[in-house]
Amino acid sequence: AELSAADSGRIALASAMLVADSPLPDSESLEGRLSETCRSAALGLLGESVYSIGMGYRPWVLSAAMINAAIAQSGLAGDAGADARLYALAGDRPVEGLDSLEDQLALVVSGTDEEQIASLEAAAPKFLDGSFIAETKALVAAYDAGDRSEVARLVAASIAEGSSSDPSAAADFRKLLYERNAAWARRLAAALAAGGSYFVFAGAAHFLGPGSVFDEMRGLGAVD
C-alpha cells in the first residue's frame, strides 16, 4: 500500500499536529494576499466560520480544506474508499508502505507560502465553477468502469492543465508522481526478486501512462 497499516492509523493525529504547527504569525492573515476569485471559492466551499479560521494558517491548510470540502460535495467519503476496505480485508497479514507518512505529509506542506498561494489561485476558478467536482466525478466513474484509457486521459489532462496554469506545478507533479514512481519501482522490483506473493494497492495514477511504476520497472528489467 502507499502507507503501512501502522502509518495509516496515524494519519488523523499526524495531520492535526501538522495543522497545529502551521499558523501564521499573529499579525498576518491570508485574506489580503488572495484574489477575489480565490476568496469567493473558499467561502463557497467552507462557509464563513471555517474560512475565517483558515485565514490564520499557511496556505496549504486552506487548500487542503477546500479540496476535502469539494470531494465531500462530490459524494465521496474517505472511509468508504478502496484503501479503507483493503486495509480491513488484509486482516492479520502485514501491510507494508511504499511511502512513509512523514514523506507524504512533507509533499502536502512543500513550497513557500507564495508558491502555495500560486497553486491555490490556479485551482480557484475550478472550485468556483464546479469543474473540480465534475472532473472528480468523471475520474471516479472511469475508475469504477475499469476504463484504464479514460483514467489515464483524465490524469494526463489534469497534469497538463495544472502545469500550464501554475509555474510551480510541473515540479510538484514530478515529486508527487514521477519521483515516487521510480522509488516504488525499486521497492517492487526488490520484492519480486526476493520471491513470494504480494498484493499491491495504491493510487491508479501511478500505474498508468508514461513514467508509470510499470515503465520504471521495465527500465529496471523487473517486468516485460
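In which helix is the place of Q104? Select Q104 in this predicted model, and the viewer will show the residue in helix α6.

**Stop 1: Q104 and its surroundings**

Keep Q104 selected and display its side chain. A polar contact runs from the side chain of Q104 to the side chain of D99, at 3.0 Å.

**Stop 2**

Select R180 and E2 together. The two residues form a salt bridge, and their closest N and O atoms are 3.1 Å apart. E2 belongs to the segment before α1 (5-8), whereas R180 sits in helix α10 (residues 169-194), so this pair ties together parts that are 178 residues apart in sequence. Are E2 and R180 buried or exposed? Both E2 and R180 are buried.

D99 is buried, as is R180.

**Stop 3: a salt bridge between E179 and R174**

Move to E179 and R174. Their side chains meet in a salt bridge, with an N to O distance of 3.4 Å. How does E179 count in terms of accessibility? E179 has a relative accessibility of 43% and therefore counts as partly exposed. R174 is likewise partly exposed, because its relative accessible area is 42%. As a general point, side chains of opposite charge can pair when their charged atoms come close. To place these pairs in context, note that a search of the whole structure finds 13 salt bridges.

**Stop 4: helices α2 and α6**

Return to α6 and colour it together with helix α2 (residues 11-20). The two helices pack at an angle of about 40°, and their axes are 11 Å apart. This angle makes α2 oblique to α6. Which residues make the contact? On the α2 side they are I11, A14, S15 and L18, and on the α6 side L101, L105 and V109. View the pair along the line joining the two axes: α2 passes α6 in a right-handed crossing.

**Stop 5: helices α8 and α9**

Select helix α8 (residues 131-144) and helix α9 (residues 148-165). Their axes come within 8 Å and cross at roughly 150°. The angle makes α8 roughly antiparallel to α9. The crossing of α8 past α9 is left-handed. Show side chains for the meeting residues: E135, A138, L139, A142 and Y143 in α8 face their counterparts E150, V151, L154, V155 and E161 in α9 through contacts.

**Stop 6: S212**

Finish at S212. Where is S212 found? S212 lies in the loop between α10 and α11 (213-219). With a relative accessibility of 3%, S212 counts as buried because the cut-off for that class is under 20%. Leaving out residues up to four places away in sequence, S212 touches N181, H206 and F207.

Key: Residues numbered from 1 in each chain as written. Predicted model: local features only at pLDDT ≥ 70, side-chain atom pairs only at ≥ 80, totals over all residues. Heavy atoms only, no water. Salt bridge = Lys/Arg side-chain N within 4 Å of Asp/Glu carboxyl O. Helix = DSSP H or I, 4+ residues; strand = E, 2+ residues; numbered from the N terminus. Buried < 20%, exposed > 50% of the residue type's maximum accessible area, 1.4 Å probe, protein only. Polar contact = N/O pair within 3.5 Å; in protein donor to acceptor, adjacent residues only side chain to side chain. Axes fitted to C-alpha atoms, helices over the stretch in contact; angles between N-to-C directions. Parallel < 35°, antiparallel > 145°, perpendicular 65-115°, else oblique. Left-handed = near helix turned anticlockwise from the far one by under 90°. Contact = heavy atoms within 4.5 Å.
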